[in-house]
Amino acid sequence: MPVEVSEAQVHEIVERWQRSESFVIEMLQDVQHEARHLPRSALEQISREVGVPMTRLYHLATFFKAFSLEPRGEHMVQVCVGSACHVKGAPRLVHACERHLGIKSGETTADGKFSLEPVRCLGCCGLAAVLTIDDELHGHVTSANVERLLKRFQKQEKKAEVT
Amino acid sequence: MARLSVQSLNALRDQLQAERAGREGKCRATVIVHMGTCGISAGARQVMTALLGALEERGIADVAVSSSGCAGMCSREPMATVQRPGEAPVKYADLDEKKIVRVLDEHVIGGSIVKEYALAMGSERAG
Amino acid sequence: MAVKRLHLMVCAGTGCVSNKSMEVKAALETEIEKHGLAAEVDVIPTGCNGFCGVGPILLVQPDGIFYQQLRPRDIPHLVEEHLLKGRPVQRHLYTPPGEKGTIPLMSDIPFFHAQVLIALRNRGMIDPEKIEDYIAREGYQAAAKALTTMSPQEVLDVVKASGLRGRGGGGFPTGIKWESTKRAPSENGTRWVICNADEGDPGAFMDRSIIEGDPHSVLEGMIIGAYAIGATRGFIYVRQEYPLALKRFMIALNQARESGLLGEDILGTGFSFDIEVHRGAGAFVCGESTALMASLEGNVGEPRAKYIHTVERGLWNMPSCLNNVETWANVPPIILHGAEWFTQLGTGDVSENPWGGSKGTKVFSLAGKINNTGLVEVPMGITLREIVFDIGGGIANGKRLKSVQTGGPSGGCLPEELLDLEVDFDTLTAAGSMMGSGGMLVMDEDDCMVDFARFYIDFLMAESCGKCTPCREGLRNMNMILQRICDGKGQEGDIELLEEISACMIDAALCALGTSAPNPVLSTIKYFREEYEEHIREGKCRAGVCKALITYKVDADKCSGCTLCARACPVNAITGETKKLHVIDPNVCDRCGACYDACTFDAIIRV
């Protein structure tokens, strides 16, 4: 899985948002989506094409949680640590995920497969505790059943790679 | 969808509401077609289809059509029960595609029981 | 026209979808096809029903039968029994907690029948991706009424008279905000309306639910607001954590444009207005109005001092009216049914002064240690007790209620003694909490109030933009103090120090994030001071939450020797043979709590 974005792609993204300064956060989100981070080259290109200074782009890139300057893993494991999940054992859940993936919160596994990220409220408090693996949301997760969940995902992932 | 004016918005709403009355749970009557094995083999399916067809032809959406199991009198199938709010349910027996439409027009819509086809008034007591 | 005899309303809210409701829907469609019922039965994916705890949910209309916790493999039997034979399937009906008898009809279930739906008026009844479904339920009738039979001033007067106050947290009277925006000078006549859909409060999810379940209700509210204020363009700022909400907005916008309900010459009335959508990039502070507007301009979402209000100079320095999702969704019914209809519900008197009461309803998200988790819309003035016990079904697992937290990170924790408080904007504020966006988190005896205050301060510290010193440094220091209390290293005077820092932040922080941030700390000190003192003086956490102050033990009477805990333990601190008592070695145990979650016999205790 590449963690790059071509000049043509960035150009397309800038055009998609009409080169408009007010949409630069949208552009950064699209780049982040493509490359799983914001490569310096892409920021420079946006700066040039839209006419906003690099300082401003770096300010945005480090202010909002959706952005990262280092590549994130192929798959995102987001553990909700909102208030409802907190009282339903989210801290223990985060700990269990760290243990199983062998990384700390906010880190990416050495093979670049998984990033673990605690998030503040996914808005599914009725199902607390919840986590998402990529776009799929899982409810009523505990430190006791999360390992099976992650293992099953990793297995499917391996299978998909072979075929 | 074409651009709406206030008139066409209202017309569209009226048409959609008529189509969706059942979804709102608003019904002037309920017709239950008994569809146990016996009923189906005696033609309950055709009765159901005829009833739904007639409702559609007449543009009526606020009659709930439901199905149920065997009513216990297999020899008199196909059977159907008509229930209008505030009135005792009426069971009809030995129905066919024509009879059910008459029941629809005269009883469900018209409000007078079709005595020739009626088996009994009222329902079995529960328990 | 195609009339169906049965309408199967499958909940497609985020909660039910994660419980595989789409697979249930597919199974329904397969079985319906198999039995040749496709012409008679309609399957409709709806927005969130609010009763997330028992999903996936299916409502069969016109019968009104409510099915819960369905799995795809239940469907063949259900279709045969209910759809063919007309017999509701008992085992999938709702059973109240602690009872045996089922309740077949949705309207009879206590969770639903105590609710009054205004903002959520279409919930569970429409397919949110079909504008026709919205129109069939009087959708866009209010916009049509406003645009063709009322002057902008008349619309404004109705909203003012209704006493509607902002549902996003502040409780500012909506009519006054609209009026100020309308009156504010603008050189070229430009004014904006903005929808705040950056629902960031942890524990609140009503805005997500409204957008996902009924996006047109928000658009219609904005159209009416724009007409009253004289705005030609609207903005929706939706957080990127809600991808489905974003998708539903985009679909609704396109449908509204195609139908002539947005864009040039709306409904042929000559009024023009359009809306664009921006995705937030993940920053809690962007829920604050000036930060949100900065972000819409493409800048970092930092608040500014509000010597000049945003209604005068907001987005690109133009008069800007910002309301949240739930507020906008309340507008169409008010216009349609009138201000008097709205003021029948709620508390106080708003006929002279819009601050004189709280009218209408409020949507709350019920979460935490409660039996019925989900989303409820209730009249203002209902008591906490009614919400928690009558609608929420009481505390889960036979535990005792300790506290109800309202208002998210800006709110506070209320004790059991205040359960009879009549909930509205002003009573909650007076009690040291606030309405906030309507999060309501129920805590039981297993929850530590000090840890919970620390949790919110930790959250706010991470989310503070850092622009003003009282908020940036105040939160950092409060977090440090709370952390040391939870670690058993608290000192005499810590409670007073927390109060002092709080007072400074309330006075001096730049925006509402900072001025309301001390609420979780102050309210827990006010109502649960003894827990702070126990932590500091006795090194005791009565709830068994603070890691440094507890040890995990096995309850010899309850342990069945199933070995689940030993297998779950990552550090091999648990020993014991099958079917025999297990023991935890406190010197090896790192108190991760994995055994506590794994045990199905409640045999792991925290002392």
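Predicted model: local features only at pLDDT ≥ 70, side-chain atom pairs only at ≥ 80, totals over all residues.
## Contacts between chains

Two pairs of chains touch, and the pair formed by chains A and C has the most contacts. By contrast, chain A and chain B are joined by no contact. The closest C-alpha atoms of chain A and chain B are 26 Å apart.

## The contact of chain C with chain A

Chain C contributes 45 residues to this contact, and chain A contributes 40 residues. On the side of chain C that touches chain A, two or more residues come from each of the helices α1 (14–18), α12 (289–296), α17 (449–463) and α23 (594–598). The strands β7 (274–280), β11 (361–368) and β15 (439–444) of chain C likewise give two or more residues each. By residue class, this side of chain C comprises 19 nonpolar, 18 polar and eight charged residues.

## A helix pair in chain C

Within chain C, helix α7 (residues 152–162) and helix α8 (residues 174–183) have axes that come within 7 Å of each other and cross at roughly 145°. From α7(C), the residues in contact are C:Leu156, C:Val159 and C:Lys160. Their partners in α8(C) are C:Thr174, C:Gly175, C:Ile176, C:Trp178, C:Glu179 and C:Lys182. The residues of this contact between α7(C) and α8(C) comprise four nonpolar, two polar and three charged.

## Domains of chain A

Chain A is divided into domain 1, spanning 7–63, and domain 2, spanning 75–162. A distance of 29 Å separates the C-alpha centres of domain 1 and domain 2 of chain A.

Technical notes
Residues numbered from 1 in each chain as written. Chains lettered and ligands numbered in written order. Contact = placed C-beta atoms within 7 Å. Helix = DSSP H or I, 4+ residues; strand = E, 2+ residues; numbered from the N terminus. Nonpolar A, V, L, I, M, F, W, Y, C, P; charged D, E, K, R; others polar. Axes fitted to C-alpha atoms, helices over the stretch in contact; angles between N-to-C directions. Domains from an automatic or database assignment.
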